[in-house]
Amino acid sequence: MQSLFEELSTELKLGATKKGHPFRYFSLATKGLEDDIGLRTVVLRKVSPDLRCTFYSDSRSNKIKELIEDSTASALFLHPKKLWQITLKGNVIRETDAEVLRTYWHGIPMKSRKDYTTKAPPGSKPIEGKPIEYLTDSNYFSILHIIPEQIEILKLERPSHVRVLFSKTEGTWYSTTLVP
């Protein structure tokens, strides 16, 4: 199972670095504010050696509000060519280091920075034909990290599918083979 874990780790890291990789965009699920589930697609920006997955958000978004209430989240990655489905579960932490935030912010292309500078929060009031207003001297850029505690992979293959759960305990990953 160690080789499968290494292959899975490599593919996750490629999702953040290789253009067009299917893991670049993933579905993030959180516990909603109304006893429902918040679900959205986010962009994988970085994967650290310990498999911490980094993505960005507007700090006024619903996902931030949901994660303040309950930091647990689940991420779903799909690799259609390899026929892999990966579910990563863990806690999400918000980056608080001002220098890290500043460094990442300056790495965002100018045309993309507008995503974090709207005067009104994401999903708020109807636009009704008016242009969206942007801030020029501040932003609502936020960096979030999923700290994985479990990673489950389902590989669809013949003659039999393979399903393995990797769980992290005291810094070490352990595997359990599951019925696919």
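**Exercise 1. Contacts of a helix residue**

Leaving aside neighbours within four places in sequence, with which residues is Glu11 in contact?

*Solution.* The model is predicted: local features need pLDDT of at least 70, side-chain atom pairs count only at pLDDT 80 or more, and totals for chains, interfaces and linings use all residues. Residues are numbered from 1 along each chain as its sequence is written, and side-chain values use heavy atoms, with hydrogens and water left out.

Step 1. Apply the contact criterion, heavy atoms within 4.5 Å. With neighbours within four places in sequence set aside, Glu11 is in contact with His21, Phe23, His79, Lys82 and Trp84.

Step 2. Assign the exposure class. Buried means under 20% relative accessible area, exposed over 50%, and partly exposed in between (1.4 Å probe, protein chains only). Glu11 has a relative accessible area of 10% and is therefore buried.

**Exercise 2. Geometry and faces of helix 1**

Step 1. The buried residues of helix 1 are Leu4, Phe5, Leu8, Ser9, Glu11, Leu12, Gly15 and Ala16. Because they cover an arc of only 165 degrees around the axis, they lie on the same side of helix 1; the arc is that of the directions from the helix axis to the C-beta atoms. An α-helix has 3.6 residues a turn, so residues three or four places apart point the same way.

Step 2. Gln2, Ser3 and Thr17 are exposed on the face turned away from the buried side of helix 1. The packing partners of the buried residues of helix 1 include strand 3 (46–47), strand 5 (72–79) and strand 6 (84–94).

**Exercise 3. Faces of helix 2**

Repeat the assignment of faces for helix 2 (residues 62–69).

*Solution.* Step 1. Lys63, Ile64, Glu66 and Leu67 are buried in helix 2. Their arc around the axis is only 165 degrees, so they are on the same side of helix 2.

Step 1. The face of helix 2 turned away from the buried side carries the exposed residues Ile68 and Glu69.

Step 2. Among the elements that the buried residues of helix 2 pack against are strand 1 (25–31) and strand 2 (37–43).

**Exercise 4. The largest pocket**

Describe the volume and lining of the largest pocket.

*Solution.* Step 1. On a 1 Å grid over the protein atoms alone, a pocket is an open set of points where a 1.4 Å probe fits, with protein on both sides within 12 Å along at least five of seven lines; lining residues have an atom within 4 Å of a point. Grid points are joined across faces, edges and corners, and the volume is the space filled by probe spheres set on the points. The largest pocket has a volume of about 730 Å³.

Step 1. There are 31 lining residues, of which Thr118, Ala120, Pro122, Ile132 and Tyr134 are the closest to the centre of the pocket. Strand 4 (53–58), helix 3 (98–107) and helix 4 (110–113) each give two or more residues to the lining, and strand 4 provides the largest share, three residues.

Step 2. By class, the lining has 13 nonpolar, seven polar and eleven charged residues. Here Ala, Val, Leu, Ile, Met, Phe, Trp, Tyr, Cys and Pro count as nonpolar, Asp, Glu, Lys and Arg as charged, and the others, Gly among them, as polar.

Terms used. Helix = DSSP H or I, 4+ residues; strand = E, 2+ residues; numbered from the N terminus.
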